[in-house]
Every structure is written in C-alpha cells, then in structure tokens.
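Reader: I'm new to reading protein models. Could you take me through one part of this one slowly, and tell me how far the prediction can be trusted there?

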Amino acid sequence: MAPTMRPGDAAFAAVEHVNAELFTLTYGAIVRQLLTDFEEIEEVNKQLDTMGYNIGIRLIDDFLAKSNVTRCTEFRETADAIAKVGFKMFLGATATVSNWNSDSTECSLILEENPLVDFVELPETCQGLHYCNILCGVIRGALEMISMRTEVKWIRDMLHGDDAFEMRLKLLDQVPEEYPYKDDE
Amino acid sequence: MATVRTRMRCLYVFNRNGICLHYHVWLRPLITLSAQQDQKLLFGLLYSLKSFAAKVDPLSTGKENLSFQQPPGQGCSFHSFRTNTYKLSLLETPSGIKFILVTDPRMGDLRDAMKYIYNIYVEYVVKNPLYEPGQPFRCELFNSTLDQYVKTLE
C-alpha cells in the first residue's frame with residue numbers, strides 16, 4: 001500500500017522549486033536594504049508587513065489554483081489549510097496550529113523550521129526587529145481576499161532567543177460580499 | 001469563405017467587486033448591448049442565480065444566512081446552465097474571482113477546463129508584477145496561452 005501523502009505534499013510537488021539558499025540570501029538582502037533606507041526598526045517592521053500584504057493578495061490565487069481548495073468559510077479549516085498546505089507549498093516547511101481560544105477566533109501557528117532565517121543572527125542594534133514580519137503580512141493579505149479580516153503578530157521568535165517561531169492569528173470579522181451595483185441603475 | 005469552426009464563444013473574468021477584468025471573445029455574431037451593460041447584466045444575473053440556487057437547495061441545513069449577501073468562500077452552488085444555443089459555465093474561487101465561459105451547448109463538463117484557465121490566469125496575470133490587482137488586464141501571453149489551450153478542447 002502506498003504511504004499516505006499529507007495534503008501539503010501534493011501541492012509542494014506541483015510547484016516549481018527555487019534554490020533555498022538563494023531565497024534566504026535574497027530575503028536577507030531585502031531586509032538589509034530596508035534597514036539602510038528606513039533606519040528605524042518599527043518602520044522596517046511596518047514595511048515588511050506591507051510588502052507581505054501585497055504578496056499575500058496575489059498569493060491567495062496561486063494557492064487556491066494549485067491546492068484545489070474550493071470552500072473557505074470556517075476560520076478553523078482556513079488556519080489548518082494555511083499551516084498544512086500553504087506553508088508547505090511556499091516555504092517547504094510545515095506549521096502546526098494550536099492554542100485556539102474559546103470561540104475559535106484566535107489561534108497560534110508554530111513553525112519549527114523557517115527557511116527565511118537560515119544563517120541569520122540579529123545584531124545588538126536590531127533587537128526590536130521582527131525579521132520574518134513579511135510572513136504576517138502575507139497571511140493577512142491572503143485572508144483579506146477571502147473575506148476574513150485578521151491581525152497577525154509574532155509572539156515567539158527564535159532570533160530573539162525563543163525556542164520556536166509562533167505567530168498569533170486573530171480573526172477580526174468576516175466581511176460578506178456586497179452587491180456592487182445599486183438597484184436603481 | 002472559410003468557416004470558423006469553434007465551440008468556444010466567449011470568456012469573462014470578474015472580480016468580487018463586479019469589475020470585469022477581462023473579456024475574451026472567439027465567436028459572437030449577435031451583440032445587442034454595450035460592453036459595459038453586457039458585463040453588468042451578466043454579473044448581476046450570476047449573483048442572483050447563485051443566491052437563488054443556494055436558497056432553493058433542499059439539502060441546505062438552514063444555517064446559512066438567507067439574506068442577499070453571501071461570502072464568496074461558500075464555493076459555487078451552481079456551475080453551469082444550458083440553453084438551445086449555448087452553455088454557460090461558471091467557476092467561482094473563494095477569493096471572489098469568477099470565470100464565465102460561454103460555449104456551444106454540446107460541450108461536456110467544463111469544470112476541469114475552468115480550473116486550468118484559472119491556473120493560466122494565475123501564471124500570467126497574478127504573478128505579473130506590473131499588473132494592478134482589481135484592474136482590467138490585457139496580457140498577450142495570457143491571450144495566446146488561452147487560445148492554445150482552448151484549441152485542445154475543441
């Protein structure tokens with residue numbers, strides 16, 4: 001009997017792969033350039049989030065087209081899809097979902113491995129920097145395109161000495177689609 | 001005079017705000033409305049049809065909000081209708097992008113074809129850094145890849 005494939009594996013196999021080191025080094029170059037351009041750490045964090053947002057609004061279509069997901073209304077299912085299929089497909093790393101709150105509107109995504117931070121150490125001057133803030137923006141942008149407004153922040157960061165990467169996803173509201181034309185036109 | 005034998009009539013791509021991102025025509029001898037009215041009419045029709053199909057569903061649990069607004073993430077409740085002269089197929093993605101393909105009525109199930117067209121859209125339009133999301137697009141590569149793919153469906 002063939003070994004069972006986890007849902008992310010099929011999607012991972014279907015996409016074109018890029019060299020991991022090239023990816024890590026390119027991302028590092030972007031962050032360094034942002035630090036030079038903006039100088040203030042908070043501003044860099046915000047820029048990374050905005051860049052991530054712009055990526056996320058496009059990435060969602062790529063994800064939906066390649067992963068055959070057709071329904072996406074429950075926040076729980078969505079968080080699972082991001083962790084198991086999304087992260088695997090785009091970063092080659094799986095995440096786990098945990099720490100749901102009582103009404104299923106908040107959860108944590110924990111990443112054991114993160115290709116963005118290979119070879120990275122934060123210097124003394126950049127201690128407030130959320131190096132992987134782009135990922136928060138990507139998730140926020142992608143979820144906004146499927147009618148879920150969220151807030152995504154880092155809680156644990158291995159570059160700050162913690163033992164894993166943990167981001168907190170909070171669902172603010174689900175905005176239903178509005179009929180764009182007025183009835184009298 | 002060469003006769004054009006094609007089973008495809010036209011393709012519309014709408015986003016969640018009703019903006020027609022793309023209109024591609026292969027064969028459409030009779031045009032009665034201006035392009036803008038035609039697109040608005042089609043978008044309105046599909047919005048109403050989806051809502052109607054969801055409400056009339058005998059297996060629905062009744063949990064869904066029965067008001068006019070429905071989140072696009074519900075998935076398509078209907079995917080095609082056929083008349084004597086054409087068949088209209090719809091693919092709606094959870095991100096609100098709608099693909100409408102009008103073809104010859106004898107065409108079979110086009111759901112897989114629509115998914116492939118979605119993939120073409122992602123490759124040439126979404127991934128294009130010069131494309132502004134939410135605006136109509138005109139992309140030669142998209143058009144030529146689409147034409148080539150559509151020939152294989154004939």
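Author: Happy to! Chain B as a whole averages a pLDDT of 83, and 86% of the residues score at least 70. For the complex, the predictor gives an ipTM of 0.83 and a pTM of 0.86.

Now for the close look, which takes us to chain A. Helix H4 (residues 75-91) of chain A and helix H5 (residues 133-145) of chain A have axes that come within 12 Å and cross at roughly 125°. Because of that angle, H4(A) is oblique to H5(A). The crossing in which H4(A) passes H5(A) is right-handed.

Which residues meet there? On the H4(A) side you can find A:Phe75, A:Thr78, A:Ile82, A:Phe87 and A:Leu91, and they meet A:Leu135, A:Ile139 and A:Leu143 of H5(A).

Finally, step back to see how the two chains meet. In chain B, 35 residues are in contact with 25 residues of chain A. Between the chains, about 2,500 Å² is buried, and carbon and sulfur atoms give 53% of that area. Look for B:Arg16, B:Lys40 and B:Pro94 here: they supply 23% of the area that chain B buries against chain A, more than any other three residues.

Technical notes
Residues numbered from 1 in each chain as written. Chains lettered and ligands numbered in written order. Predicted model: local features only at pLDDT ≥ 70, side-chain atom pairs only at ≥ 80, totals over all residues. Heavy atoms only, no water. Axes fitted to C-alpha atoms, helices over the stretch in contact; angles between N-to-C directions. Helix = DSSP H or I, 4+ residues; strand = E, 2+ residues; numbered from the N terminus. Parallel < 35°, antiparallel > 145°, perpendicular 65-115°, else oblique. Left-handed = near helix turned anticlockwise from the far one by under 90°. Contact = heavy atoms within 4.5 Å. pLDDT = per-residue confidence, 0-100. Buried area = accessible area lost by both parts, 1.4 Å probe.
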